[in-house]
Amino acid sequence: MSLGSKIREIRKKKHLKQKELAKIAGISVSYLCEIERDKTNPSIKTLFHLTQALGVRLSTLLGDQEY
């Protein structure tokens, strides 16, 4: 599963809308949309903010393990 797909799946399981996650993570909705569609790769800093907002570990997004 791709990074963007993992982020989208976790976001939906947490019942967060893109707008909500983007606000919590401090990024724009359009940037989050590009990340979820694997159109761009986020920086480590952005990944860190996304993991904090989603309540998961960085290894969850980057590895093959379940969340």
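Which residue forms a salt bridge with Arg8, and how far apart are the closest N and O atoms? I began with this question, keeping in mind that the model is predicted.

**Entry 1: Arg8.** I found that the partner of Arg8 is Glu36, with 3.9 Å between the closest N and O atoms. The pair links distant parts of the chain, since Arg8 lies in helix α1 (residues 3–13) and Glu36 in helix α3 (residues 29–36), 28 residues apart.

**Entry 2: Arg11.** I noted that Arg11 also meets Glu36 in a salt bridge, at 2.7 Å from N to O. This pair again joins helix α1 to helix α3, across 25 residues. Both Arg11 and Glu36 are buried. Through shared partners, Arg8, Arg11 and Glu36 form one network of salt bridges.

**Entry 3: Glu9 and Lys13.** I counted three salt bridges in the structure. One of them pairs Glu9 with Lys13, the closest N and O atoms being 3.8 Å apart. These two residues stand four apart in helix α1, which means that about one helical turn separates them. Glu9 is partly exposed, at 29%, and Lys13 is exposed, at 55%.

**Entry 4: the whole chain.** I recorded five helices and zero strands. Of the residues, 36% count as buried. Finally, I looked up the charges: the mean positions of the 13 positive and 7 negative ones are 6 Å apart.

Technical notes: Residues numbered from 1 in each chain as written. Predicted model: local features only at pLDDT ≥ 70, side-chain atom pairs only at ≥ 80, totals over all residues. Heavy atoms only, no water. Buried < 20%, exposed > 50% of the residue type's maximum accessible area, 1.4 Å probe, protein only. Lys, Arg positive; Asp, Glu negative; His and termini not counted. Charge placed at Lys NZ, Arg CZ, Asp CG, Glu CD. Salt bridge = Lys/Arg side-chain N within 4 Å of Asp/Glu carboxyl O.
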